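Let us walk through this protein one stop at a time. Keep the sequence and the 3D view open as you read.

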Amino acid sequence: MPIHYYEKSKSFKLDAKDTSYIMAVVDEEKFLGHVYFGERIPDEDVNYLMRLDEPPYVPSKNNRDRMSFLDSFPTEYPTSGLGDFREPCLKVLTKLGATACGIFYKSHKIYKGKPKLNGLPATFGNEDDCTTLEITCVDNHLNLEVILIYTVFEDLDVITRSVKVKNCSDEDIILTRVLSACVDFDRIDMDMVTLHGSWAREFHVKRRKVELGKQAVSSSRGETSHQANPFLALMDRNATEDFGEVYGFNLVYSGNFLAQVEGCQFDTTRVVMGINPFDFGWKLEPQEEFVAPEVVMVYSNEGIGKMSRTFHDLYRNHLIRGEYKNKRRPVLINSWEAAYFDFDTDKLLRLAREASKLGIEMLVMDDGWFGKRNSDNCSLGDWVVNEEKLKGGLKYLVDEVNKLGMKFGIWFEPEMVSPDSDLYRAHPDWCIHIDGREGTLCRNQYVLDLSRKEVRDYVYESVSNILRSANIKYVKWDMNRQLSDVGNCVLPPDRQREIWHRYVLGVYELMDRLTTEFPHILLENCSGGGGRFDPGMLYFSPQIWLSDDTDAIERLKIQHGASYVYPVSTMGAHISDCPNHIIGRITPFETRGLVALSGTFGYELDVTKISQEDKDMIPKQIEMYNKYNNLIYNGDLYRIGNPFENIEFECVEYVSKDKNEALVVYIQILNRSNYHSRRIPLKGLQKDAFYRNEETNEVFSGSALMNGGILIKGLQGDFRGKLFHFVHV
Ligand code: DGJ
């Protein structure tokens with residue numbers, strides 16, 4: 001059993017493959033304390049680690065120093081206002097205006113499997129995959145129940161957490177913060193790694209020392225954002241890709257979040273993660289429950305690389321759902337960078353005809369097909385086909401594309417409304433807004449108030465009508481602005497702060513309806529690229545457009561950072577035109593293909609206009625994608641290069657689960673003068689097995705390849721790449 005309760009020490013022990021996580025109930029008052037998180041240990045009782053025999057002791061022995069106890073005790077789920085001055089997870093506002101609360105252990109249960117989280121995406125598993133512990137704590141003064149939920153995926157080496165808060169009193173109470181997890185580490189000598197960026201520059205890796213005081217990564221933009229990802233890792237100061245202890249935390253949520261590290265007075269470190277308390281409020285009526293989103297915790301004793309592989313395995317098998325979960329995705333061509341708003345049926349069919357000859361399998365019609373949308377200034381919300389552009393209608397176009405043997409996909413931005421739209425003219429109050437205040441525009445659009453059922457119903461019906469009208473196999477769900485002016489005209493003042501979270505729940509409900517009614521559609525999420533690339537979205541769509549920056553060299557960094565947490569199979573990656581539309585860089589067509597291989601692989605350029613030489617390469621690239629796709633999507637990823645630290649090269653390796661096959665993707669970024677060939681030691685192979693280099697037929701042991709390495713030779717110029725494929729002999 002991966003979860004034990006030991007009566008003698010009153011401790012809970014959660015054991016995954018290489019990880020132990022331990023809590024204990026202490027003192028007569030039954031405080032729930034955090035004891036240990038790290039490499040798996042066999043012991044039943046390590047409660048000495050809490051140092052309760054040292055001053056200030058426990059309140060039953062020394063209540064005069066209760067505050068000192070509360071402020072230093074490693075608390076499992078800290079609350080506010082009673083004397084723990086570190087960052088709390090739970091804070092309330094009572095009718096009297098009081099904000100304090102304090103919780104104590106009441107009961108627990110352990111069972112096989114994993115509960116669903118009402119209305120929220122979460123990892124899933126059956127009775128053979130995982131075991132769950134629910135610890136109920138209470139604040140008897142407020143009559144509030146706090147249920148801490150832990151699930152252990154033993155084989156995958158993962159622990160997940162979430163929290164339910166239940167109002168058992170007969171009065172309303174307002175929750176002003178409900179974070180999902182806290183871990184108090186008994187050390188401060190660690191580094192913190194987070195993922196930051198901007199539009200078209202997402203997932204840049206930032207590593208810094210944990211210091212005294214607070215350091216956070218967060219979003220208050222209504223989506224997880226380009227600027228920050230809901231991921232945080234703490235690690236040994238000398239941890240590397242393959243060495244050292246690493247603790248990864250990732251929030252399964254798509255709205256405002258906070259992931260914070262606090263270096264505290266006694267050189268301990270508190271990590272908290274959950275919905276951002278910024279502007280948050282939730283009124284709980286008697287007997288109502290609030291459910292906080294899930295945090296996934298991964299411990300690695302072999303560096304950042306092992307942490308990533310654990311996240312990848314969990315997400316590929318226990319988060320992503322549907323037909324395309326582990327399946328090769330069709331090679332698509334997207335009209336955005338090929339034509340922007342300037343297309344009609346003829347142009348799209350010309351594109352499709354040429355693409356189908358080259359082996360491309362699906363045409364995706366991006367923005368610009370509806371209302372009177374010829375620029376980004378109008379028509380969002382009016383999901384009616386523009387028949388001036390699409391002469392003969394949508395069905396005609398789709399049928400013609402199908403006749404070429406190609407599938408058809410379509411773009412929507414369901415969450416938005418343009419001021420210049422029939423929808424806005426009919427329902428100006430349907431967008432998120434503050435009554436009487438002029439709303440802040442972004443890309444000339446407002447955000448629809450998806451916290452309202454009638455708005456969601458309209459959006460669902462208008463989008464699904466289009467999907468029902470033709471043979472559509474793929475939807476790109478875009479979202480091109482962040483939330484401001486948050487308010488609406490339906491909720492009372494004391495519930496206005498709920499809109500942020502209700503909005504996210506509304507998006508989830510819409511995606512749930514869509515994927516339930518159209519299970520065969522491949523859904524690709526997008527938010528101006530990677531503005532909402534998070535596990536919450538991956539629950540609904542197996543892939544997300546990673547960034548609007550399609551430049552192969554910029555993508556190396558973006559893909560590298562994203563792979564810290566997210567599997568390569570989830571990263572939308574296309575080969576686009578040169579000079580690149582975002583950055584103006586020129587890279588060889590071949591290199592663009594090698595970079596897009598570490599992603600969902602597609603095209604986003606006008607294939608009727610490219611050179612014959614580039615065109616000739618497309619069937620070969622598709623052959624390469626078909627050949628390696630299973631290995632790349634389902635194998636283990638090893639990062640060998642690091643484009644944030646070394647601008648000369650990036651290198652990733654994919655190793656099959658049975659270790660019989662490996663693919664090395666090497667990209668030379670900037671060449672170096674007067675330099676010999678570069679030696680690259682491989683990773684993850686079987687030491688004693690022998691592998692054949694498919695290109696040269698040379699055979700070497702796994703040991704030689706991992707300790708000696710391979711030599712990269714003869715790549716003249718910048719931005720060049722090469723593949724190496726090894727098979728077990
Ligand atoms: C932003 C997306 O990231 C692009 O790929 C494209 O779909 C545009 N929106 C269309 O407006």
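Start with Trp 411, which is buried, with a relative accessible area of 0%. What you are looking at is a predicted model. Find Trp 411 in strand β22, which covers residues 407–412. Setting aside neighbours within four places in sequence, Trp 411 is in contact with a list of residues that includes Met 365, Trp 369, Phe 370, Arg 373, Leu 380 and Trp 383. The list also includes Asp 366, Asp 367, Lys 476 and Asp 478. Keep those last four in mind. Now jump to Asp 614. Trp 411 and Asp 614 are 203 residues apart in sequence, and their C-alpha atoms are 27 Å apart in space.

Step back to the whole chain. The chain is divided into domain 1 (77–318), domain 2 (332–632) and domain 3 (649–728). The centres of domain 1 and domain 3, taken over C-alpha atoms, are separated by 39 Å.

Next comes the ligand. Which residues come nearest to the ligand? They are Asp 366, Asp 367, Lys 476, Asp 478 and Asp 548, out of 13 residues around the ligand. The shell around the ligand holds four nonpolar, three polar and six charged residues.

Look at individual atoms now. In the side chain of Asp 367, an N or O atom sits 2.6 Å from an oxygen atom of the ligand. Asp 478 has a polar side-chain atom 2.7 Å from a nitrogen atom of the ligand. For Trp 545, the distance from a side-chain N or O atom to an oxygen atom of the ligand is 3.5 Å. How much of the ligand does the protein bury? Taken alone, the ligand exposes 290 Å², and the protein buries 98% of that.

Trp 545 leads us on to His 574. Leaving aside neighbours within four places in sequence, His 574 is in contact with Trp 545, and also with Leu 332, Asn 334, Thr 550, Ala 596, Gly 602, Tyr 603 and Glu 604. One of these partners deserves a second look. The side chains of His 574 and Glu 604 make a polar contact of 2.7 Å. His 574 lies in strand β29. Is His 574 buried or exposed? It counts as buried, because its relative accessibility is 7% and the cut-off for buried is under 20%.

Now move to strand β27, residues 543–545, where you will find Gln 543. Gln 543 is buried too, with a relative accessible area of 1%. Which residues does Gln 543 touch? Not counting residues up to four places away in sequence, they are Arg 329, Tyr 474, Leu 522, Leu 523, Glu 524, Asn 525, Ser 569, Thr 570 and Thr 600. With Glu 524 there is a polar contact between side chains, at 2.6 Å. Ala 573 is 30 residues from Gln 543 along the chain, and the two C-alpha atoms are separated by 9.8 Å.

Ser 541 is buried, with a relative accessible area of 0%. Beyond its neighbours within four places in sequence, Ser 541 is in contact with Leu 523, Glu 524 and Asn 525. The side chains of Ser 541 and Asn 525 are joined by a polar contact of 3.0 Å.

Last, look at the backbone. Most residues other than glycine have a negative phi, and most peptide bonds are trans. Here are some exceptions. The peptide bond from Pro 55 to Pro 56 is cis, with omega near 10°. Pro 56 is in the loop between β4 (31–39) and α1 (66–72). Cys 578 and Pro 579 are also joined by a cis peptide bond, with omega about -5°. Pro 579 belongs to the loop between β29 (574–576) and α11 (589–596).

Lys 10 is not a glycine, yet has a positive phi of about 50°. Lys 10 is in the loop between β1 (3–6) and β2 (11–16). With a relative accessible area of 32%, Lys 10 is partly exposed. Gln 287, again not a glycine, has a positive phi of about 75°. Look for Gln 287 in the loop between β18 (282–284) and β19 (289–300).

Terms used:
Residues numbered from 1 in each chain as written. Predicted model: local features only at pLDDT ≥ 70, side-chain atom pairs only at ≥ 80, totals over all residues. Heavy atoms only, no water. Domains from an automatic or database assignment. Near = heavy atom within 4 Å. Polar contact = N/O pair within 3.5 Å; in protein donor to acceptor, adjacent residues only side chain to side chain. Areas by Shrake-Rupley, 256 points an atom, 1.4 Å probe, with all protein chains shown as cover. Nonpolar A, V, L, I, M, F, W, Y, C, P; charged D, E, K, R; others polar. Helix = DSSP H or I, 4+ residues; strand = E, 2+ residues; numbered from the N terminus. Buried < 20%, exposed > 50% of the residue type's maximum accessible area, 1.4 Å probe, protein only. Contact = heavy atoms within 4.5 Å.
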